Amino acid sequence: MIDENYKKLQKYIQDIDSFALSTATTSDDQLLFCAAMVSVVRNLYLENLGVEQTNLIFEQLAQSFQIMDEFCYDKPTIH
């Protein structure tokens, strides 16, 4: 079951990545696409997990960005 879910996840990531790159060709469009994906992701989590677990997931995601910032010397900037 884990292998099957891993393969599904891998395919979803590849499909979304390909779609994003072919659809959002400029930097501005890519940021808009990201905003749309975050909105969809939030709604799906809310529908399937509820408010409390959705909040925990987004908090952990934010923490993971903070942790990565501590290890990255070249921090990305928004232009």
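The entries below follow the order in which I looked things up.

**Entry 1: the model.** I noted before anything else that this is a predicted model.

**Entry 2: a pair of helices.** Two packed helices are described by the angle between their axes and the distance between the axes. I looked up both values for helix α2, residues 27-49, and helix α3, residues 51-71. Their angle is about 140°, and the axes lie 7 Å apart. Angles over 145 degrees count as roughly antiparallel and 65 to 115 as roughly perpendicular, so α2 is oblique to α3. I also wrote down that the crossing of α2 past α3 is right-handed.

**Entry 3: the contact.** Which residues of α2 and α3 make the contact? From α2 I listed V38, V41, R42, Y45, L46 and L49. From α3 I listed V51, Q53, T54, I57 and F58. I sorted the residues of this contact by class and got 8 nonpolar, 2 polar and 1 charged.

**Entry 4: the largest pocket.** Rolling a probe the size of a water molecule over the atoms shows where empty space is left. I found that the largest pocket has a volume of about 410 Å³. It is lined by 15 residues, and C34, M37, V38, V40 and V41 are the closest to its centre.

**Entry 5: the lining.** Which element gives the most to the lining of the largest pocket? I found that α2 does, with 9 residues. The elements that give two or more residues are α2 and α3. By class, I counted 15 nonpolar residues in this lining, with no polar and no charged ones.

Notes
Residues numbered from 1 in each chain as written. Predicted model: local features only at pLDDT ≥ 70, side-chain atom pairs only at ≥ 80, totals over all residues. Heavy atoms only, no water. Axes fitted to C-alpha atoms, helices over the stretch in contact; angles between N-to-C directions. Helix = DSSP H or I, 4+ residues; strand = E, 2+ residues; numbered from the N terminus. Parallel < 35°, antiparallel > 145°, perpendicular 65-115°, else oblique. Left-handed = near helix turned anticlockwise from the far one by under 90°. Contact = heavy atoms within 4.5 Å. Nonpolar A, V, L, I, M, F, W, Y, C, P; charged D, E, K, R; others polar. 1 Å grid on protein atoms, 1.4 Å probe; cavity = no way out; pocket = protein on both sides within 12 Å on 5 of 7 lines; lining within 4 Å. Points joined across faces, edges and corners; volume = space filled by probe spheres on them.
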